[in-house]
Amino acid sequence: MTVERLLGTFTPTGLTLAMELQPVRQSLDPRMFERVLINFLMNARFASPFGGTVTVRLTHDELTVEDEGAGVRAEDRKTIWNVYVKQEGSAGHGLGLAISRMILDSHQFAYGVRDRSGGGAVFYVRF
């Protein structure tokens with residue numbers, strides 16, 4: 001499973017990777033969707049403070065990746081999905097969310113980012 005394979009990249013950074021997963025059946029391209037999940041998880045890893053928790057939740061109608069970082073400003077929530085757009089302090093190149101957008105659009109899934117209660121961001125995909 002993707003989340004378990006990435007666990008080793010979280011532990012050395014002092015982060016906890018928590019999972020709340022329900023069995024789900026969806027018609028999707030598994031390799032493409034894995035790319036979306038990896039992009040969300042790696043963004044959460046870099047956004048989270050040392051000792052924080054990144055949580056992956058999967059229900060029958062939604063996948064979420066939550067972090068305890070600074071969150072995403074409301075005015076940036078639409079543009080972060082564009083090529084080469086990065087948030088201040090980002091370690092990436094501005095491609096991960098743009099690639100995720102193309103994959104999610106091709107599957108016709110709704111997606112976005114919202115505030116996490118207590119601070120941070122929640123990236124989501126609705127099936």
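1. Let's start inside the fold: T64 sits in strand β3, which covers residues 62-66. Helices (H or I, at least four residues) and strands (E, at least two) are DSSP runs numbered from the N terminus. With a relative accessible area of 5%, T64 is buried; that word stands for under 20% relative accessible area, while exposed stands for over 50% and partly exposed for anything in between (1.4 Å probe, protein chains only). Setting aside its neighbours within four places in sequence, T64 is in contact (heavy atoms within 4.5 Å) with T55, V56, R57, R114, V122, F123 and Y124.

2. A word on what you are looking at. This is a predicted model, in which local features need pLDDT of at least 70 and side-chain atom pairs count only at pLDDT 80 or more, while totals for chains, interfaces and linings use all residues. Residues are numbered from 1 along each chain as its sequence is written, and side-chain values use heavy atoms, with hydrogens and water left out.

3. Now the whole chain. The protein chain holds 3 helices and 5 strands, in the order α-β-α-β-β-α-β-β from the N terminus. Its radius of gyration is 14 Å, close to the 14 Å from the globule rule for 127 residues, so the protein chain is as compact as a globular protein of that length. The radius is taken over C-alpha atoms, and the rule is 2.2 Å times the number of residues to the power 0.38. Along the principal axes, the C-alpha atoms fill a box of roughly 35 × 30 × 25 Å.

4. How much of the chain is buried? Buried residues make up 38% of the 127 residues. Among contacts with a separation of 6 or more, 60% are between residues 24 or more positions apart.

5. Have a look at helix α1, residues 2-10, where the buried residues are T2, V3, L6 and F10. Down the axis of α1 these buried residues fall within an arc of 75 degrees, so they line one face of the helix; the arc is that of the directions from the helix axis to the C-beta atoms. Their cover includes β1 (16-21), α2 (30-47) and β2 (53-58).

6. T59 counts as partly exposed, at 26% relative accessibility. Not counting residues up to four places away in sequence, T59 touches Q22, V24 and F127. T59 and F127 are 68 residues apart in sequence, and their C-alpha atoms are 9.5 Å apart in space.
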